Amino acid sequence: MTLTPRAEGVLALIGFGLCIPAANWLIGHAGTYCAPNGPCLVPVAPGLMAPSGVLMIGLALVLRDLVQRRLGVGFAASAVLAGAALSAFLAPPSLVLASAVAFLLSEFADLAVYTPLQKRGLVLAVAASGVVGLLVDSIAFLWLAFGSLDFLAGQVVGKAWMVLIALPFVHLLRRRDERLGIQPA
């Protein structure tokens, strides 16, 4: 059974919206090391640690682009707000606020990069917007949530891993869209 582009968009939207509360929950509850009054951490490279929600956020950056491609920008922004609302049940208010602001800022950065590039080649658009989005999101989140950029390198590497892992899937999706004549929303 093949999903319609709209159904694919809805699935990406649900996944994107759930990545935010999942990341916020992970930061406070799961990791190889949990700092007292700080985030739980996971290794993202030899000798490099990051708050554990980093992998979910890397996935969210890619899903956000797929939501925009299938459903449009408004749906992606709405998913950020819905994800922040769900996070309120799972994480402290300071973490929820930090993640919502970071995601909204990275959404604006994503719009500036992804939107003009998506018609040229989705893989390039996702890769470029992923890099910009993960930098904006990482800096804003770490500063607002913890008042420090101590984990910036780990955040960037962890999110970059997820973007890189998703690129072959994005490439296949783009090729299929071309073959079927599916245009971005």
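Here is a quick look at the cysteines and one serine in this predicted model.

Some ground rules: residues are numbered from 1 along each chain as its sequence is written, and side-chain values use heavy atoms, with hydrogens and water left out. As the model is predicted, local features need pLDDT of at least 70 and side-chain atom pairs count only at pLDDT 80 or more, while totals for chains, interfaces and linings use all residues.

**The cysteines**

The structure has one disulfide, meaning a pair of cysteine sulfur atoms within 2.5 Å. Cys34 and Cys40 are the partners, with 2.0 Å from S to S. The torsion about their S-S bond is about 105 degrees, so this disulfide is right-handed.

What about Cys19? Its sulfur is too far from the closest cysteine sulfur, in Cys40, for a bond, because 18 Å lies between them.

| Residue | Relative accessible area | Class |
|---|---|---|
| Cys19 | 2% | buried |
| Cys34 | 37% | partly exposed |
| Cys40 | 2% | buried |

**Ser106**

Ser106 sits in helix α4, which covers residues 93–117. Helices (H or I, at least four residues) and strands (E, at least two) are DSSP runs, numbered from the N terminus. Is Ser106 buried or exposed? Ser106 is buried, at 0% relative accessible area. Setting aside neighbours within four places in sequence, Ser106 is in contact with Arg64, Gly133, Val136 and Asp137, where contact means heavy atoms within 4.5 Å.

Note on methods:
Buried means under 20% relative accessible area, exposed over 50%, partly exposed in between (1.4 Å probe, protein chains only).
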